[in-house]
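Dear colleague,

Please read them with the model open beside you.

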Amino acid sequence: MAVTFAAAVSAPLACAQDGGSSPREPGPVFSDSGPDAELYGAASGYPVGTRGTTTQLDKLVGVYSHFGEIYPSRAVSRATAPWQFKRAPEPSITYSFGAERLSIADYLKRNPVTGLLIARGDTILYEHYQYSRTDHDRFLSQSMAKTLVAMLVGVAVSEGRIKSIDDLVSTYVPGLAGAEYGNTSIRALLNMSSGVEFSEVYDGHDDIARLGRALFVDEPKDPAAIVAQFNTRTAPQGTRWHYASVETEILGLVLRSATAIPVADYLHDRIWDAIGTEADASWAIDGSGQEIAFCCFNATLRDYARLARLLANDGAWEGRQLIPRQWLLDATTVRPGDGHLAPGVATPYFGYGYQVWLLPGEQRRFALLGIRGQVILVDPASKLVMVHTAVHQKPSEPGGLREPLALWFAVLQQLGQ
């Protein structure tokens, strides 16, 4: 995964430029089409398919907006008192990519985006959907869910349910006692620096494929026993960054044990209800009923934007601190002595915090990322956020993040005052 994400941003990022399209009336915009719509199943109404066809190109649009209906999932109910964004006319946004000067409309014509939302503070500035998706669809997060898990760990620490992130995993998950992961600190898992070997290259034969089959397909089994099979330590913990979804899965087991509450319910009670979400969400579960923590949370675009707004405000929502502010700061900052997590070191571009990607530069900015183009970008200084859901043809494509980041930096330059 380190290699694939590094390749995704390996070329220089483009600079922003002013100018572009004329403003329109505020509100979401919908399109029945999108780039390569025929390949994505437009003629058949973007079919959802079955569990056996979830990776077929003509099923991706349907799968990535109906995942919680295809696989067993735990509901996360919408807020009892929804909070509403304000609206503003769409701003003019252009960006440069390679030798081209492009508008945000061009961006949608060039990229298989299912939903794109830009907000600043409490105001939505841009909200567009493609491929017949709407603001009622719940989009699959993929690995963006990892950051949710890390934020819930911070809440559990603040409540005393987890005494310290320097505790060993086996303190909370006895089923991993004696295994390498059991003898790993929660902090090392948060930073994906356990030193335990795990391959994640998305070739169908790697460790993430083995983990996925065990959780999604095979007969129900104790998830601790499933993750215990990855049991070879190749570096001392806390010394080397290596992307491994299994480490988030273990954090989910720690949360479930420490709180005695299903992870989805804990999310609802501590965050989802409090930020005024407007729609029900869902989180896929394995055969034992445990949330698959490294992925597979599903929510509407605006509810993802509410989450992004919470993160942009360092865990505070309308005067109430839902996630400890210091936890958010720690999660998005590289500590002295943790140089292996720094941007340009962890990967050639990104750094890594607590299950969140750190952008280079003096300004503290961070991202939630998932395969096939799921992205949430956050700038705490300006309170700008961008939510981007997509159906890229390959799980991870070389250079696949360069254009979304070019657009993001244009947004920051033009709207970040």
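I begin with a pair of helices: the axes of helix α5 (residues 145–158) and helix α10 (residues 263–272) come within 11 Å of each other and cross at roughly 70°. Please keep in mind throughout that this is a predicted model. Because angles of 65 to 115 degrees count as roughly perpendicular, α5 and α10 are described as roughly perpendicular to each other, and the crossing in which α5 passes α10 is left-handed.

The next element is strand β10 (residues 281–284), which is covered on both faces, with Ala281 and Trp283 buried on one side and Ser282 and Ala284 buried on the other. As background, the side chains in a regular strand alternate between the two faces of the sheet. Strand β3 (residues 73–76) runs antiparallel to β10 and is joined to it by four bridges, and within this pairing Ser73 has Ala284 as its bridge partner. β10 also pairs with strand β11 (residues 297–299), again in the antiparallel sense, over two bridges, and here Trp283 stands opposite Phe297.

For the cysteines, the count comes to one disulfide, which joins Cys295 to Cys296 with an S to S distance of 2.0 Å. The torsion about this S-S bond is about -65°, so the disulfide is left-handed. As for accessibility, buried means under 20% relative accessible area, so Cys295, at 4% relative accessibility, counts as buried, and Cys296, at 2%, counts as buried too.

In the model, the end C-alpha atoms of residues 116–395 lie 19 Å apart, and the span is 28% helix and 17% strand.

Technical notes:
Residues numbered from 1 in each chain as written. Predicted model: local features only at pLDDT ≥ 70, side-chain atom pairs only at ≥ 80, totals over all residues. Heavy atoms only, no water. Buried < 20%, exposed > 50% of the residue type's maximum accessible area, 1.4 Å probe, protein only. Pairing = 2+ DSSP bridges. Disulfide = S-S within 2.5 Å. Axes fitted to C-alpha atoms, helices over the stretch in contact; angles between N-to-C directions. Parallel < 35°, antiparallel > 145°, perpendicular 65-115°, else oblique. Left-handed = near helix turned anticlockwise from the far one by under 90°.
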